[in-house]
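Visitor: I would like to go through this model by asking about particular places in it. Please show it first.

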Protein chains: 2
Amino acid sequence: MYIEKINGPEDVKKLTVDEMTVMAGEMRKALLKRASIHGGHFGPNFGMVEATIALHYVFESPKDKIVYDVSHQTYPHKMLTGRKDAYLYEEHYDDVSGYSNPNESEHDHFTVGHTSTSVSLACGLAKARDLKGEEGNVIAVIGDGSLSGGEALEGLDYAVELDGNLIIIVNDNDMSIAENHGGLYGNLKLLRETNGRAECNLFKAMGLDYIYVDHGNDVGDLIEAFKSVKDSRKPVVVHINTLKGKGYAPAEKNKEAWHYNGPFKIETGKPLYEMTEEDYSDISLNYLLDKMKKDPAVVAITSGTPTVMGFTEDKRKEAGKQFVDVGIAEETAVALASGIAANGGKPVYGVYSTFVQRTYDQIAQDLCINNSPATIVTFCGSVYGMNDVTHLGLYDIPMMANIPNLVYLAPTTKEEYLAMLDWSIEQNEYPVGIRLPGGSVISDGKEITKDFGDLNKYEVTQKGSKVAVIGLGTFYGLGKEVAEELKKVTGTDATVINPYYITGIDAELLEELKKDHDVVITLEDGILDGGFGEKIARFYGNSDMKVLNFGLKKEFLDRYDVVEVLKENHLTKEQIVEDIMKFI
Amino acid sequence: MYIEKINGPEDVKKLTVDEMTVMAGEMRKALLKRASIHGGHFGPNFGMVEATIALHYVFESPKDKIVYDVSHQTYPHKMLTGRKDAYLYEEHYDDVSGYSNPNESEHDHFTVGHTSTSVSLACGLAKARDLKGEEGNVIAVIGDGSLSGGEALEGLDYAVELDGNLIIIVNDNDMSIAENHGGLYGNLKLLRETNGRAECNLFKAMGLDYIYVDHGNDVGDLIEAFKSVKDSRKPVVVHINTLKGKGYAPAEKNKEAWHYNGPFKIETGKPLYEMTEEDYSDISLNYLLDKMKKDPAVVAITSGTPTVMGFTEDKRKEAGKQFVDVGIAEETAVALASGIAANGGKPVYGVYSTFVQRTYDQIAQDLCINNSPATIVTFCGSVYGMNDVTHLGLYDIPMMANIPNLVYLAPTTKEEYLAMLDWSIEQNEYPVGIRLPGGSVISDGKEITKDFGDLNKYEVTQKGSKVAVIGLGTFYGLGKEVAEELKKVTGTDATVINPYYITGIDAELLEELKKDHDVVITLEDGILDGGFGEKIARFYGNSDMKVLNFGLKKEFLDRYDVVEVLKENHLTKEQIVEDIMKFI
């Protein structure tokens with residue numbers, strides 16, 4: 001196999017176009033086998049195989065710097081830059097991360113996992129090059145789906161100001177994770193249909209030079225195009241038309257399902273493991289579809305990840321006008337929700353914790369200053385969530401819980417979530433966030449009668465003395481276990497509290513605890529800095545109450561083992577009880 | 001005067017075009033007099049007088065809803081919607097805020113002060129209208145300067161998905177606060193030069209209908225254009241060519257200087273009060289210009305507010321390629337800085353605290369995960385800063401200080417700032433933020449020998465016992481006053497500490513304090529929630545140390561009196577000493 005002999009870009013340059021075309025097939029075969037066993041991002045990589053080969057044939061990486069947007073499409077790049085073993089040999093599958101990673105190779109320039117950043121980051125590399133009077137090409141590779149993000153559009157607008165070399169490869173496979181949404185996709189379609197000749201051209205309107213490559217999976221055509229822009233003295237867009245999932249029939253056929261996959265049977269494409277366990281996506285979907293039927297003002301919003309709330313293609317059809325995908329555009333999603341709520345609609349924006357980070361100012365300004373009664377549901381805000389450094393769900397509490405006016409809630413069960421969601425949709429006073437718990441869904445069938453509009457009223461679920469355990473969201477369960485363990489070890493009956501509210505403290509209850517408690521411990525599923533526990537520590541700062549905050553250290557974790565991380569952060573019930581014993 | 005008889009849009013509709021044209025002159029005269037006495041946003045309002053009259057003549061506000069971007073241009077709108085007295089009569093000048101404000105009028109739909117939000121907010125109003133099966137026009141009014149912001153471009157891209165009425169008025173005066181930067185402005189120019197006929201059209205590329213009005217200060221032409229799009233069933237852009245500052249020669253001549261103004265002499269345009277006191281803009285400018293000459297890798301970055309670091313037009317020329325204005329595009333500014341730093345450049349991004357909010361995810365992902373050694377200097381992060389609800393500088397600590405890897409510093413003097421800035425520019429290990437103190441610049445001439453790379457080492461500036469006062473940034477001075485007051489009242493010599501670091505604690509020193517201190521108080525110039533003091537409270541939570549955190553309550557303040565706000569938050573030295581006395 002050719003690919004077995006590729007130890008770096010220099011080896012790619014030795015091949016003929018025909019040999020490279022053969023190698024593309026070899027690479028797909030390896031990617032397919034790895035995906036079927038290991039899982040990962042599928043479609044984006046299969047579409048970019050030829051383009052990646054052509055890039056490394058034409059340009060001189062790492063002197064020429066390639067920045068991959070979101071880096072869902074970097075597997076072929078890694079195969080050609082000294083990391084082929086991680087794709088060819090099962091025992092090495094875990095040698096590499098799923099994203100571009102400077103710690104792995106000098107051919108990777110940034111750790112990237114969020115979309116729409118490549119053009120602006122590449123502008124920075126190019127600007128530094130020019131300040132230092134150096135040479136070399138800087139290449140940003142961005143998919144059409146990422147173009148709708150504000151940072152990408154800002155970058156396209158800024159690029160011409162560089163007044164130096166910058167090559168922007170637009171990898172157009174006519175898909176985001178799901179189908180594209182937004183007017184610019186009509187323009188990309190027009191450009192594809194006119195072989196790039198249409199006068200109305202988003203990129204030219206941004207002041208950029210432009211060429212089009214219709215056969216974006218043809219190594220020869222791509223090499224020719226890349227050669228024509230190499231060493232360009234000004235920013236230029238190379239718009240390449242590729243096929244997402246190319247080379248594997250099921251992926252070509254169902255592009256959305258094959259954006260990312262778990263292990264599957266190659267012959268059929270059927271997953272090896274069926275997800276049968278109910279999750280918060282299903283729960284949200286079922287509630288919302290039912291609610292929509294009863295109330296035409298209810299609308300679900302996504303920013304390019306419709307399945308976060310379970311809205312697969314058929315369910316999107318069922319919701320009709322009551323489901324909105326703004327495309328990858330979190331800022332607009334929040335502003336839209338605020339506008340809908342301000343005009344009497346009932347919007348629910350579902351978003352992953354890691355992506356809600358992309359819209360801090362809109363939550364503060366568009367939503368909270370205006371007190372628009374919209375609902376934001378944050379998914380995977382948990383140590384049990386995604387574990388790549390770019391996709392951690394450990395920071396949304398410090399980011400959101402300190403914004404005035406926002407009511408940020410932490411349910412501990414399915415029943416609490418649905419009660420909060422229903423309350424939030426029907427109330428007209430507050431912007432509301434609901435942070436879903438991590439781990440498996442807990443459902444105790446309990447009927448929830450609590451009025452969540454009576455803000456910051458915590459609930460004592462077990463009355464004890466000496467020690468009070470405040471378990472927030474995911475960690476409420478851990479709190480109960482801690483109480484049991486404490487009883488077992490010391491005989492002490494601890495008080496257990498479900499706080500519900502991340503954004504406020506129940507001063508009355510906390511005062512009450514002073515009477516017959518010496519220690520209050522807080523448990524939260526996120527970093528401690530700027531979080532929930534510190535508010536409790538501040539409250540008791542002037543008193544004799546001992547406060548122990550349990551949660552995660554402020555750091556960027558990467559591909560971590562949950563059990564280990566919990567241990568390192570003293571988050572097992574045994575460790576917590578040990579710590580408590582020092583104070584009773 | 002016609003304007004005196006305008007109590008609402010219905011009165012505008014009674015006028016003829018000639019009468020409205022006369023009224024436009026009356027409105028400018030009133031705006032000029034008010035500006036000369038009261039100050040405020042100047043240019044944007046003067047350019048929008050005719051368009052605002054035409055809007056209220058053609059549309060039926062508030063049934064038809066007008067959303068003004070950033071709302072620097074809402075004074076004429078306020079004059080025509082029942083608030084004329086606040087512009088005609090000096091005693092009523094303070095009856096209105098400087099921004100659109102739903103609390104003032106049913107004709108204002110959002111409180112808006114940040115740019116680039118209008119299209120997405122308007123999409124929300126329109127979507128709710130359609131969900132409820134209602135009628136009516138929704139109009140977004142956005143200036144060309146605001147178009148470069150990611151949220152605005154996202155909104156333009158999303159709008160066509162609405163598939164219903166939306167009218168986007170692009171008020172093109174060919175200026176941001178300073179000159180425009182970005183490729184899209186070349187397209188606006190092309191459209192102006194071709195009377196809107198050019199085929200390459202950014203708005204059409206976003207899938208939007210488009211019409212052009214060359215005489216954007218002609219009431220008749222504007223009325224005709226607005227009538228032609230009224231009740232449009234799909235989104236349409238009306239691109240109007242206006243003159244910023246129109247009607248006042250000095251403002252037409254120097255558009256940048258007259259974007260916003262303080263009181264001035266109408267005859268000459270000369271300001272009544274000269275700002276002679278040195279501020280952190282001058283300090284930053286002088287340092288950076290000098291540094292740039294010595295080191296070509298140093299580059300200053302702004303996102304549309306060049307004078308935040310003192311870069312007026314002449315100074316920008318002097319800096320040449322070493323000064324970058326990305327336009328209003330904070331996300332790209334941070335990504336650019338990260339890219340420059342990653343490639344060996346030395347970027348310094350100067351930004352107001354209220355606007356750094358617009359780039360949380362880029363600071364976390366593009367900058368901090370990649371540990372790029374770039375510098376962000378935040379201005380006006382203080383209770384002494386801007387005091388409109390949309391421009392508060394009280395939230396950057398919770399937003400930034402809890403992001404891993406970021407080193408966020410709080411200088412208390414000019415000398416500390418310059419030492420930190422120089423250290424940050426020269427080091428290669430950390431992304432660094434520097435939060436400038438509020439109030440007048442304090443300069444003690446002290447030479448700074450501290451190595452800021454030895455992270456989280458606080459400095460004891462006065463050794464005492466019993467009580468330790470940790471005064472962060474702006475409030476270090478208050479901390480010293482508290483210590484003096486305490487000495488006076490109780491004879492106690494308090495320890496005074498300058499922490500320097502917002503992002504970390506000096507555990508060794510805090511442990512040390514336990515030996516001979518009973519109370520630690522923290523002082524910070526921002527909200528307490530998620531802030532600096534809570535980290536100290538968490539540290540001492542398991543000890544007998546009493547901790548009192550002083551800072552601001554988590555709330556949105558609006559046009560506040562600093563002295564009152566400090567009192568309400570127990571931030572006078574007398575109040576603080578009183579509180580301390582309860583514990584010694």
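Guide: What follows is a set of questions and answers on a predicted model.

Visitor: How many salt bridges does a search of the whole structure find?
Guide: Side chains of opposite charge can pair when their charged atoms come close. The cut-off used here is a Lys or Arg side-chain nitrogen within 4 Å of a carboxyl oxygen of Asp or Glu. Over all chains, the number of salt bridges found is 92.

Visitor: Why does the pair A:Arg538 and B:Asp529 join two chains?
Guide: A:Arg538 and B:Asp529 form a salt bridge, with the closest N and O atoms 3.1 Å apart. B:Asp529 sits in the loop between β17 (517-527) and α22 (532-540) of chain B, and A:Arg538 belongs to helix α22 (residues 532-540) of chain A, so the pair joins two chains.

Visitor: Is B:Asp529 buried or exposed?
Guide: Its partner in the salt bridge, A:Arg538, is partly exposed, with a relative accessible area of 23%. Buried means under 20% relative accessible area. B:Asp529 has 10% relative accessibility, so B:Asp529 counts as buried.

Visitor: How many residues apart in sequence are the parts tied together by B:Asp209 and B:Lys234?
Guide: The side chains of B:Asp209 and B:Lys234 meet in a salt bridge at 2.6 Å, N to O. B:Asp209 lies in strand β5 (residues 209-213) of chain B, while B:Lys234 lies in the loop between α11 (219-229) and β6 (235-241) of chain B, so the parts tied together are 25 residues apart in sequence.

Visitor: What is the relative accessibility of B:Lys234?
Guide: B:Asp209 is partly exposed, with a relative accessible area of 31%. B:Lys234 also counts as partly exposed. For B:Lys234 the relative accessibility is 43%.

Visitor: What is the phi of A:Ser116?
Guide: Most residues other than glycine have a negative phi. A:Ser116, in the loop between α6 and α7 of chain A, is buried at 1% relative accessibility. Although A:Ser116 is not a glycine, its phi is positive, about 75 degrees.

Visitor: Where is A:Tyr500 found?
Guide: A:Tyr500 is not a glycine, yet has a positive phi of about 65 degrees. At 4% relative accessibility, A:Tyr500 counts as buried. A:Tyr500 is found in the loop between β16 (495-498) and α21 (507-516) of chain A.

Visitor: What is omega for the peptide bond that joins B:Ser61 and B:Pro62?
Guide: Most peptide bonds are trans. In chain A, a cis peptide bond joins A:Ser61 and A:Pro62, with omega about 10 degrees. B:Pro62 is in the loop between α4 (49-58) and β2 (65-68) of chain B. The bond between B:Ser61 and B:Pro62 is cis, and omega is about 10 degrees.

Visitor: How far apart are the end C-alpha atoms of residues 278-444 of chain A?
Guide: The unreviewed UniProt entry lists residues 278-444 of chain A as "domain: Transketolase-like pyrimidine-binding". In the model this span is 40% helix and 16% strand. Its end C-alpha atoms lie apart by 14 Å.

Visitor: How far apart in space are A:Gly445 and A:Thr413?
Guide: A:Gly445 lies in the loop between β13 (432-435) and β14 (459-462) of chain A and counts as exposed at 60% relative accessibility. A:Gly445 and A:Thr413 are 32 residues apart in sequence. Their C-alpha to C-alpha distance is 9.0 Å.

Visitor: What separates the C-alpha atoms of B:Leu166 and B:Val334?
Guide: B:Leu166 is found in strand β4 (residues 166-172) of chain B and is buried, with a relative accessible area of 0%. B:Leu166 and B:Val334 are 168 residues apart along the chain. Their C-alpha atoms are separated by 32 Å.

Technical notes. Residues numbered from 1 in each chain as written. Chains lettered and ligands numbered in written order. Predicted model: local features only at pLDDT ≥ 70, side-chain atom pairs only at ≥ 80, totals over all residues. Heavy atoms only, no water. UniProt positions renumbered as here; feature names shortened; annotations may be inferred. Helix = DSSP H or I, 4+ residues; strand = E, 2+ residues; numbered from the N terminus. Buried < 20%, exposed > 50% of the residue type's maximum accessible area, 1.4 Å probe, protein only.
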